[in-house]
Amino acid sequence: MKSMEKVMQKWKSYGKHFQQNRLYMGILLLTAVCAYGYKVTNATIGIDDTPSLYYFEEGLIAIVGRWVLFLLNKVVSLAEFVPFVTDFAAVVILVLAAVVWSALFYSVLGEKVPTAGYAFFGAVFLSSPLISEVFTYFLHNGIAIGYLCCGISLCCVREWQSSTRKMQKGSGIRQKLGCLAVAKILTAAVFLWIAMGCYESFMILWLAGLMLLLLTERIAQGRQEKDIFATLVAGAVAALVAIVLRSVMIVVVTKAFHLEYLRGEAVQRSVTEMLGWMLQPGAFGELAMILKRTFVLYGVFAYAYLPIRIFILSAAAILVVTLVRVIRGRDLWALLLLPAAYLAAFSLLFIEGKATLYRSAQFLPVFCGYGALLFVYGIWQLTGTLSPKAKNTAGRKISAGVRALAVLVLAVILWNQCMDMTRWFYIDKKKYDAAVKTVDQIAMDLERDFDTSKPVIFTGNYDIPYSIVQDAYVSYSSPVYYKMKRLADLVDPDLLDKYNRGSRGVWVAQTPALSVIDWGRYAFDSDAELVKFFEMHGHQLVALEDISLYAAAEEESLDLPEYPQEGYIVDKGDYIIVHF
């Protein structure tokens with residue numbers, strides 16, 4: 001009991017080290033305001049927002065393994081669409097997550113990195129524009145809670161390391177796993193289980209974070225090989241326990257709340273079902289294409305999409321610092337842990353059988369922050385050798401100048417990230433305003449000329465005005481396109497063409513280009529969600545529930561004028577067609 005109190009006190013002291021530091025908290029809170037202030041104060045309704053009650057009240061989200069918010073909704077009201085409160089709470093939790101992750105790396109690096117280094121780690125992580133790809137969804141897939149719980153879980157692993165290293169030298173892995181410290185591994189598994197209960201991709205972040213933790217130890221302290229083996233075994237145990245707990249939890253929640261009838265309504269997210277693609281004919285060729293697409297999304301698009309560019313820069317900083325450690329310390333383990341971290345980060349593509357979507361790439365903001373952390377670590381180590389203990393004014397000035405330049409570089413990156421994050425949130429607001437204007441016009445035309453007690457079916461395709469979402473594309477005639485094309489052609493001459501979207505150009509940013517109106521036409525096999533979008537804006541329509549009539553309606557509407565041309569609405573007797 002006393003040992004647990006000491007552990008809690010130690011980690012509380014780590015947290016207080018940052019929470020009571022004005023520089024650290026000032027940078028972090030200012031970043032939170034700059035990156036999320038616009039989103040929190042400008043409400044929008046987008047994809048997956050209209051069925052919030054279906055997800056979080058009825059339980060559709062729980063049967064696919066994302067049970068945390070479902071159960072949390074039983075305690076505090078979350079299911080009703082209340083954007084400001086939920087958005088603000090998510091930002092607060094993200095700030096706490098940044099502090100926890102900072103404490104994790106502080107437990108390894110300590111004072112070898114100045115406070116500014118940890119502040120930039122937290123701020124770069126917090127403001128990564130890639131988070132905007134998922135933050136526009138209502139309740140944001142629980143990413144804030146997931147980041148926090150992943151960080152706490154890895155802190156438990158770190159504490160397990162500390163406790164086992166105090167044991168007698170020569171203790172084997174079996175002894176280490178069999179000691180009382182096993183409780184810490186189980187605690188790590190529980191927090192990982194909670195993180196996965198928010199979004200299953202947090203398992204990927206956790207695995208990658210474990211590799212980064214081990215890599216950080218090699219860089220800063222040069223741990224012995226047996227420490228790595230023991231930690232990997234312990235990590236495997238924690239991950240396995242978390243996966244088993246997740247499977248059990250799905251069964252328990254399904255039975256306890258009688259959710260069996262929902263099983264056919266959503267794609268199940270079990271590991272075995274997702275791995276099924278590997279058994280299909282041509283799986284090897286499919287894997288080759290998946291790797292090529294990943295190269296485009298997380299490499300080629302760095303020319304056009306800021307979060308990917310920062311990711312590449314962070315990878316360069318991590319690589320340089322690691323190679324210095326490898327060369328100076330003759331540390332081959334560091335050379336192995338570096339690719340292992342990235343392999344873990346991209347392991348979801350092997351599980352899902354497709355290139356990881358940006359909204360599922362929870363690892364990327366942490367890697368970007370980690371790159372900033374190691375950049376500061378490397379600069380401070382380098383300038384420490386430039387400023388000898390002897391009184392050397394020139395050496396001190398050079399050291400101070402290099403450090404100031406490093407801080408300036410990170411400040412510029414941070415500013416650009418906050419600007420980019422706000423830009424995507426602003427585009428989301430403009431998309432929403434355009435969607436509201438569209439449904440208002442359609443509702444006015446329906447209410448004026450038609451019997452709105454009849455079911456309505458929406459056909460065709462709605463395109464967001466290009467002037468709103470043009471930043472999500474790269475024009476074919478732009479210099480950036482030719483740079484991307486030259487790089488992609490080194491792998492496959494037709495590779496970049498797979499991201500062409502008609503006359504709009506190459507689709508770079510994913511979520512910003514998606515339309516709530518177009519999604520609402522196909523969601524859950526009917527246009528009920530689009531009708532609900534109308535209802536949320538004061539227009540009462542009736543959805544066509546008979547899905548068997550949809551194909552015929554689509555065929556009947558092929559020759560109809562498109563919205564907003566005259567005649568885009570037609571009364572077919574039993575239902576009304578609205579054609580986009």
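A residue is called buried when its relative accessible area is under 20%, exposed when the area is over 50%, and partly exposed in between (1.4 Å probe, protein chains only). With that in hand, welcome to the close-ups. This is a predicted model, in which local features need pLDDT of at least 70 and side-chain atom pairs count only at pLDDT 80 or more, while totals for chains, interfaces and linings use all residues. Residues are numbered from 1 along each chain as its sequence is written, and side-chain values use heavy atoms, with hydrogens and water left out.

**View 1. A salt bridge links Glu556 and Lys572.** A salt bridge here is a side-chain nitrogen of Lys or Arg within 4 Å of a carboxyl oxygen of Asp or Glu. In this pair the closest N and O atoms are 4.0 Å apart. Helices (H or I, at least four residues) and strands (E, at least two) are DSSP runs, numbered from the N terminus. Glu556 is partly exposed because its relative accessible area is 38%. Lys572, at 40% relative accessibility, also counts as partly exposed.

**View 2. Arg218 and Asp331 meet in a buried salt bridge.** Their closest N and O atoms are 3.0 Å apart. Arg218 belongs to helix H11 (residues 202–220), and Asp331 to the loop between helix H15 (306–329) and helix H16 (332–345), so this pair ties together parts that are 113 residues apart in sequence. Is this pair buried or exposed? Both Arg218 and Asp331 are buried. Across the model, the count comes to 20 salt bridges.

**View 3. Arg448 and Asp449 form a salt bridge.** The N to O distance is 3.1 Å. Arg448 counts as exposed, at 52% relative accessibility, whereas Asp449 is partly exposed, with a relative accessible area of 48%.

**View 4. Four strands make an open sheet.** The strand order is E4-E1-E6-E5, with mixed pairing. At the edges stand E4 and strand E5 (569–571), each with a single partner strand, so one side of each has no neighbour in the sheet. Two strands are said to pair if DSSP finds at least two bridges between them. Strand E1 (residues 455–459) is mostly covered, with 4 of its 5 residues buried. E1 runs parallel to strand E4 (residues 542–543), joined by 2 bridges, and Pro455 stands opposite Val542 in E4. E1 also runs parallel to strand E6 (residues 576–579), this time with 4 bridges. In E6, Ile577 is the bridge partner of Ile457, and Val578 stands opposite Phe458. In a regular strand, side chains alternate between the two faces of the sheet.

**View 5. Tyr38 and Tyr426 form an edge-to-face ring pair.** Rings of Phe, Tyr and Trp (its six-membered ring) pair if their centres lie within 6.5 Å; planes under 30 degrees apart count as stacked, over 60 as edge-to-face and the rest as tilted. By this rule the model has 46 aromatic pairs. For Tyr38 and Tyr426, the ring centres are 5.9 Å apart and the planes stand at 85°, so the pair is edge-to-face. It links distant parts of the chain, with Tyr38 in helix H2 (residues 22–41) and Tyr426 in helix H19 (residues 393–449), 388 residues apart. Tyr38 is partly exposed at 24% relative accessible area, and Tyr426 is partly exposed at 42%. Elsewhere, ring pairs link a cluster that includes Tyr298, Tyr305, Phe311 and Trp424.

**View 6. His140 is buried in a loop between two helices.** The loop runs between helix H7 (132–135) and helix H8 (143–165), and the relative accessible area of His140 is 3%. Which residues does His140 touch? Not counting residues up to four places away in sequence, it touches Thr86, Asp87, Ala90, Val134 and Phe135, where contact means heavy atoms within 4.5 Å.

**View 7. Ser153 is a buried residue of helix H8.** Its relative accessible area is 0%. Beyond residues up to four places away in sequence, Ser153 touches Ala188, Ala189, Phe191, Leu192 and Trp206.
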